[in-house]
Amino acid sequence: MKRARGGGDDEAPRQNGSAARRKGDPPHSDGVDAGSDFGPADLQDADNDPGLRREIRSKYRDLISSVQQNREDMLSPSNNRLTEVLEEANKLFKDVRQAREAALDAQLLVVATDLGKEKATQLFSEGTAFDPSAFAEHLLSVMGINRLEDEEDEQQNGGAVDGYLPQDAWHRVARRAECCFRTAPSFHYMFGSFHAEPPPPKQRTERQRKAPSKDAKRIMPTQLKKMDESHQEATEKEVERILGYLKSYYQDDPTSPISYYEFVIDPNSFSRTVENIFHTSFLIRDGLARLYLDNAKLPCIAPVEEGEVEAGVSCSRKQCILSISPKTWKELIDALDIKDTMIQPLNTQNE
Amino acid sequence: MSSRKRPSNPQSASQPRRQTGGSAAQEEDDDVAFTQPSTSQVQRGLEKVTEAQVDQKSAEVVQYFLLKDQKKVPVRRADLVKHVVKEHRNIYPEIIKRAARTLDQVFGLKLVEIDPKNHMYILVNNLETSGDASPTTRPTDPKRGLLFVILSVIFMKGGVVRENVVWNTLKKLRVDPGEKHDEFGDVKKVVTDEFVRQRYLEFQRIPHTEPVEHEFRWGQRAEAEVSKAKILEFMGQLHDRDPQSWTQQYKEAHSSQNSSQQAGGSSQR
């Protein structure tokens, strides 16, 4: 084995060894030539002709790819291309200066060695060598290839061998090969097997996943509802509270009209004034209070009595839009001389 | 060459097993949990169970093997213990012994441990095939033909081939690994995945190649199941030659032939 390998393989390391030795020399001599200035930097400059570097690298790459592409041909014992490639590489190596080129050289060496090893293995096969292509050709006849069409095909495809393989080609090979296998016949149920486990666990996991998502959904709407309700409730409560004030003022003195502005305006807060107007409008809409103009054409407000509610529906209803701005609010406070609010704000009550 | 190469084989072969096995790490973990009980432990364990219980368990093991064999993927001892033997693991050797006997005497199958390190079992037909012109009418599996071609090439090329050799040979047979084949579908997957999982083939990376290259070897199942002598005989017929003219292969075939037929499978090697 070793002897045989030596024959095919030896030249690669030997040649490369000498190349390595050669590699040591030129940079040294270069260094002496340009030794006057900074050694290394100058040395690089001298070798730094980019065109030359590129050329070397491209030649190396060509060599590598040619070896890789013609691998099968180069494997044949009569082919001497491997030696030629190595000699070429040796020539190239004379000009190698930089690490990149050296790396390419090493790569070529790997490819070449690999090829050498393969060539060497061919020498091991004592007796008759085995040729896979001949094997394939023989197999094709076993497969029942129809070579009658070959002649036409050869003319058409320029010599490419192409025959027609029957449908059961691989079955034929399998049948012939059967005797080489001692495979246990596999055992199958006549009516197939029942469905295996997987489905149930899947369902379980789905259920588990679904359950929390439902909870999450449930939480969302309840939260929203609560907000809505509390908001509506607050408005309703406020409206009722104001109605209470209105009624109590009315009962205190049913004869004297309650001025709408005096009732609604909070001299301490414009926003509370607006709120009061907003809430009072519900009373009007629901027919629980009515607005009317007094002799001075100022709006007055009065609660509608229980009995009058139904009657109020029949009488014609009017709509109006009331606007108020901080400016008019202040003017009204001054004009009507409002000192205090008639509707106590909620917060202060609470306090 | 092959005789010298052989000793290095199990070592290098253990590497791809680790890669292709995927769950190799888990395999080892499982195995730590299960240590083969000693003979005396088995004896003591047997005293605690009834004869019927042991028979029941071994029958379950037999069934497990038969079903698992449908896909031709080896059975791991760790799986067997985990899924079937379970609480009776202390008498595992007795159970497997009885299962092997049933498989042999009832089904004519031999239980072979193809990988003594990772404890993998396969079933092999114990009965001789009835001559080369087998009158069997059962349907043939075309994949078997594909496998046969690859195994033959590997064997005839001395036990290891680069993937290119295999692909080129297949191409000559109108099977292009890059294309979808009518019968095999994704050929590359069948060869490098299915056959490898079944342990018919080993497919491992050749170190330090750029671009990456792989090589094929016979898998452990092939060693136990496929007769090299028969392949060589077939080669002789094909090439119209005396099988002995392939000296190396002939030697190899007839040395392994002995071990696989007398000692029963490559578990002995």
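**A covered strand in chain B**

A: Strand β3 of chain B, residues 120-125, is mostly covered, with 6 of its 6 residues buried. Buried means under 20% relative accessible area, exposed means over 50%, and partly exposed lies in between (1.4 Å probe, protein chains only). Strands are DSSP runs of E of at least two residues, helices are runs of H or I of at least four, and both are numbered from the N terminus.

The model is predicted, so local features need pLDDT of at least 70 and side-chain atom pairs count only at pLDDT 80 or more, while totals for chains, interfaces and linings use all residues. Residues are numbered from 1 along each chain as its sequence is written, chains are lettered from A and ligands numbered from 1 in the order in which they are written, and side-chain values use heavy atoms, leaving out hydrogens and water.

Cover is found on both faces of β3(B): M120(B), I122(B) and V124(B) are buried on one side, and Y121(B), L123(B) and N125(B) on the other.

Strands of a sheet pair through backbone hydrogen bonds, either parallel or antiparallel. Here, two strands count as paired if DSSP finds at least two bridges between them. β3(B) runs antiparallel to strand β1 (residues 75-76) of chain B, with 2 bridges between them; R76(B) has M120(B) as its bridge partner in β3(B). Strand β2 (residues 109-115) of chain B is also antiparallel to β3(B) and is joined to it by 6 bridges, and V112(B) has I122(B) as its bridge partner. The hairpin of β2(B) and β3(B) has 4 residues between the strands, and H119(B) takes a positive phi near 55° there.

Elsewhere in chain B, E215(B) belongs to strand β8, residues 214-218. E215(B) is buried, at a relative accessible area of 15%. Its side chain makes a polar contact of 3.3 Å with the side chain of R217(B); such a contact is a pair of N or O atoms within 3.5 Å, where within protein one must be able to donate a hydrogen and the other to accept it, and residues adjacent in sequence count only if both atoms are side-chain atoms. The C-alpha atoms of E215(B) and F203(B), 12 residues apart along the chain, are separated by 5.7 Å. Beyond neighbours within four places in sequence, E215(B) is in contact with residues including V160(B), R162(B), F203(B) and I206(B), where contact means heavy atoms within 4.5 Å.

Chain A has 16 helices and 3 strands, and 30% of its 351 residues are buried. In helix α4 (residues 50-69) of chain A, the buried residues include I56(A), Y60(A), L63(A) and V67(A). Over residues 79-106 of chain A, the chain is 75% helix and 0% strand, and the end C-alpha atoms are 23 Å apart.
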